[in-house]
Amino acid sequence: MPMDFQPILRREVTFVGRTNSHMMPHVLIVDDDPVVLKALVRTLENTYTCMTARNGVEAVRRLNRAGDGFPDLIISDVDMPFMSGIELYRWINTVHPNESHKVVFYTGSSGAKLADLGVPILRKGRDLKEI
């Protein structure tokens, strides 16, 4: 792995959730915008145990953690530094192909590059309750 990723891989991923998290499904929210992360956590925290990552590299680190299990849902932005949501999806589809159906893009991006992947897309700016 290139040396540029090393500082990112050493950062801790933020975990947010209620104390009865073992009973709720888990969602991994991946976005480089802290305001979006906070809004999504607030929207989902009563239904899901929320885990966050600030980019695809942090998400990969989180997903590779031994014993954590795979989340029930992954909500990812598309345009992020270090590793995009598309690159994250492709990594999941390669390394964990039986889990790639759990990815949903939450993005302001549009275009054929997203449509070709067949991943569900929720547009930023819409009511968060759609999630």
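Tutor: pLDDT is the predictor's confidence in each residue, from 0 to 100, and a contact means heavy atoms within 4.5 Å. This is a predicted model, in which local features need pLDDT of at least 70 and side-chain atom pairs count only at pLDDT 80 or more, while totals for chains, interfaces and linings use all residues. Residues are numbered from 1 along each chain as its sequence is written, and side-chain values use heavy atoms, with hydrogens and water left out.

Student: Where does pLDDT stay under 50?

Tutor: Over residues 1–21, for which the model has 41 contacts beyond four places in sequence. Where pLDDT is low, the predicted coordinates should not be read in detail. For the chain, the mean pLDDT is 78, and 74% of the residues reach 70 or more.

Student: How many helices and strands are there in the chain?

Tutor: The chain has five helices and six strands, in the order α-β-β-α-β-α-β-α-β-α-β along the sequence. These are DSSP runs numbered from the N terminus, with helices (H or I) of at least four residues and strands (E) of at least two.

Student: Which residues have the most contacts inside the largest nonpolar core?

Tutor: They are Leu28, Val30, Leu63, Ile74, Leu88, Ile92 and Phe105, in a core of 23 residues. Such a core is a set of buried Ala, Val, Leu, Ile, Met, Phe, Trp, Tyr and Cys residues joined through side-chain atoms within 4.5 Å. Buried means under 20% relative accessible area, exposed over 50%, and partly exposed in between (1.4 Å probe, protein chains only).

Student: And which elements give two or more residues to this core?

Tutor: Strands S2 (26–30), S3 (49–53) and S5 (103–107) do, together with helices H3 (56–64) and H4 (85–95). H4 gives the most, with five residues. A second, separate core of 14 residues includes Val27, Tyr48, Cys50 and Val104.

Student: Is Cys50 buried or exposed?

Tutor: Cys50 is buried, at 1% relative accessible area, and its place is in strand S3. Its C-alpha atom is 6.0 Å from that of His26, 24 residues away along the chain.

Student: Turning to H3, why is it described as largely enclosed by the rest of the structure?

Tutor: Because eight of its nine residues are buried. Among them are Gly56, Ala59 and Leu63. Asn55 caps the N-terminal end of H3, with a side-chain oxygen 2.9 Å from the backbone nitrogen of Val57.

Student: With which residue does Arg54 form a salt bridge?

Tutor: With Glu58, the closest N and O atoms being 2.6 Å apart. A salt bridge here is a side-chain nitrogen of Lys or Arg within 4 Å of a carboxyl oxygen of Asp or Glu. Arg54 is partly exposed at 34% relative accessibility, whereas Glu58 is buried at 1%.

Student: What about Asp77: which lysine does it pair with?

Tutor: Asp77 forms a salt bridge with Lys124, the closest N and O atoms being 3.3 Å apart. The pair links distant parts of the chain, 47 residues apart: Asp77 is in the loop between strand S4 (73–76) and H4, and Lys124 is in the segment after strand S6 (121–123). Asp77 is buried at 6% relative accessible area, while Lys124 is partly exposed at 28%. Salt bridges that share partners join Asp31, Asp77 and Lys124 into one network.

Definitions and conventions: Polar contact = N/O pair within 3.5 Å; in protein donor to acceptor, adjacent residues only side chain to side chain.
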